[in-house]
Amino acid sequence: MLAKNKFVVLSGLILLYHEVLVFLSVPYRCSWPTTTCPDAFRAAVVGDPQLTDRSSYWFAPSGMMLWLIEQLSDVFMKKSFRQVLAMRPHAVLFVGDLMDGTVRLTDEEYEQELARFRHVFSMPPHVQRLFVAGNHDVGIRSPALCPVCRRRFEKHFAMRKYAKEMSDLMVVGMDSIQVFHNTSIQGFPSAPCQRKLLLSHVPLWRESDSPCGATRGSARGIDYGQGFNYENMLPRSVTENLLRDVAPDLILSGDDHDHCKHVHLYPSAEGHKEATEITVGTFSWLQGNPRPSVVLLSISTCLLRKQKSHCLRRLSNATATHVDEARQGEVSKEAWFDYRVCPYCLCLCSGHFFTLLLSLPRQLGAVFFYLSWLASSLLVSFAFHLLCLESQSFDISQESLRDLVVVD
């Protein structure tokens, strides 16, 4: 009896650790970057959650296996996202690929997946949320290009392109998939003295295998590639037009499922300008990255107001030959944003095996149940133990730009 009680206690402690304590520890291991402003605007950036469905895996088109995969995926992301919300972001930015097989789903199936997405990423109404479409949301080329998918995405998430002021910052949302089809990217409001943040699912063009910085899991950079329903970089000509017409200062992208930091240099109405692009890793543990993560972005609102005021004053006093210099201003050299990559260890999902086993019929027997429960815990926990130890936030605000390729 004593041995049995010890076994039950041990099992309970393992369950408590994996299902509760590991998730609760995330805010203590990961925090918002500090800025010069005490009232910094905090935005969590989520990339490529790609909710799994019947089209995700050939071996699980339906039945118990599909249900198991969906449960493992949803429970992990919901618990992870709950901890993101516990860090009190002012906004959550989704950079595309919200679901996996949208282009293959009927309207009825889509409504079911939409309900799943809203359940996993439920958030209070005061938290702002912005979306851009990815190739898994709307398709990328014929025959995958899906007009009904676009209509569904625009109805429930966001228009193809939009501009929105958010905390003294102009946020430009661009359905980067549409620019593959020569859709105009002009028409955004002019804001010469306002910083611009561009949201794009597909990363902008750069030389293949360009360095991505220390937070990338892969040893290689982003290599150009394309297939039936994907293309992992915007074409060079499209990138040049996009940079010229939008003139962003910061770019957030996804699609690659791994992190990458790249600096673009381009001509603009303000002279030569730099734009930092942050490619966000996937939030899901089923998308090929053993360290799903979220990016915590802090924006110095007081510094943005200071820069804008300084720029407007100089513009009002500038002659035509000094307009470009006035637009940039001396204070523009100050950093107005900072960000941190916050990875979640894959071992967080190990506790979900326990939850799933609890739902199995009692006819399997108590012995098989407890042995399976404990074996699942030990197997997954030990397999990813080293990853858990190394799973910590990376503060790359001080990362040197010397090893980052600048695109002319």
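This is a short chat about a few residues in a predicted model.

Student: Where does serine 167 lie?
Tutor: Serine 167 is in the loop between β4 (161-165) and β5 (170-174).

Student: How do β4 and β5 run, and how many bridges join them?
Tutor: The two strands are antiparallel, and five bridges join them. Together β4 and β5 form a hairpin, with four residues between them.

Student: Which residue in β5 stands opposite glutamate 165?
Tutor: That is methionine 170.

Student: Back to the turn. What is the phi of serine 167?
Tutor: Serine 167 has a positive phi of about 55°.

Student: And what is serine 167 in contact with, leaving aside its neighbours within four places in sequence?
Tutor: Phe41, Thr301 and Leu304.

Student: How far apart are serine 167 and histidine 90?
Tutor: In sequence they are 77 residues apart; in space they are 9.7 Å apart, C-alpha to C-alpha.

Student: New topic. Is glutamate 70 buried or exposed?
Tutor: Glutamate 70 counts as buried because its relative accessible area is 15%, and buried means under 20%. Glutamate 70 is part of helix α3, residues 63-86.

Student: What is glutamate 70 in contact with, again leaving aside neighbours within four places in sequence?
Tutor: Thr52, Asp53, Glu113 and Arg116.

Student: Which residues make the nonpolar surface patch of about 270 Å²?
Tutor: Leu13, Leu16 and Leu21 make that patch. Of these, leucine 21 is found in helix α1, residues 2-24.

Student: Why is leucine 21 called partly exposed?
Tutor: Leucine 21 has a relative accessible area of 42%, so it falls between the cut-offs of 20% for buried and 50% for exposed.

Definitions and conventions
Residues numbered from 1 in each chain as written. Predicted model: local features only at pLDDT ≥ 70, side-chain atom pairs only at ≥ 80, totals over all residues. Heavy atoms only, no water. Patch = residues over 30% accessible without salt bridge, like charges linked within 9 Å, V, L, I, M, F, W, Y side chains within 5 Å. Areas by Shrake-Rupley, 256 points an atom, 1.4 Å probe, with all protein chains shown as cover. Salt bridge = Lys/Arg side-chain N within 4 Å of Asp/Glu carboxyl O. Buried < 20%, exposed > 50% of the residue type's maximum accessible area, 1.4 Å probe, protein only. Contact = heavy atoms within 4.5 Å. Pairing = 2+ DSSP bridges.
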